[in-house]
Amino acid sequence: MTENESVGLSSPQEFKVAEAGEIADGGTKIINMVGRTIALFRIKNEYFAIANACLLGEGEVRDYEVTCPWHGWKYNLLDGSFSMIPTLRVKTFKVKATIEGVFVEL
Ligand code: FES
């Protein structure tokens, strides 16, 4: 069973998760959708979505890395890799931003 099948999706689908401009530069939004919790980050005009493992969505972002507020572990927003052991990763999701909103592919 694939990860998508486990949450009831047969193939990747886009979901609107925010209005255009809803999240300020440097801001974050936590999304609970299709059995997942996702942290959506905006850095300037780019958006990054990663699995909200632990409290990553409440972490501080610097240089495309989010620091978990509990243990201080750092995860790269570009690929989800853990800074101390880069082969360990949290799941990342494709994000598309248009004038109609911000969409995440699940
Ligand atoms: S609780 Fe987030 S890294 Fe430990």
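Start by selecting aspartate 79: it has 13 C-beta neighbours inside 10 Å, so it counts as partly exposed, the band between the cut-offs of 12 or fewer for exposed and 20 or more for buried. Keep in mind that you're looking at a predicted model.

You're in the loop between β7 (74–76) and β8 (92–93). Leaving out residues up to four places away in sequence, the contacts to pick out for aspartate 79 are Arg89 and Thr92.

Colour β2, β3, β4 and β8 and you'll have an open sheet of four strands, in the order β2-β3-β4-β8, with antiparallel pairing. The edges are β2 (28–33) and β8, each of which pairs on one side only. Zoom in on β2 and β3, where six bridges join the two strands in the antiparallel sense.

Last, go for the inside. Which residues have the most contacts within the largest nonpolar core? Select Leu40, Ala49 and Val104; the core itself has 20 residues. Strands β3 (36–43), β4 (46–51) and β10 (101–105) each supply at least two residues of this core. Nonpolar side chains do tend to be buried together in soluble globular proteins.

Finish on valine 104. Ignoring neighbours within four places in sequence, show its contacts: Phe15, Val17, Ile38, Leu40, Ala49, Phe93 and Val95.

Conventions: Residues numbered from 1 in each chain as written. Predicted model: local features only at pLDDT ≥ 70, side-chain atom pairs only at ≥ 80, totals over all residues. Contact = placed C-beta atoms within 7 Å. Core = buried A, V, L, I, M, F, W, Y, C linked by C-beta atoms within 7 Å. Pairing = 2+ DSSP bridges.
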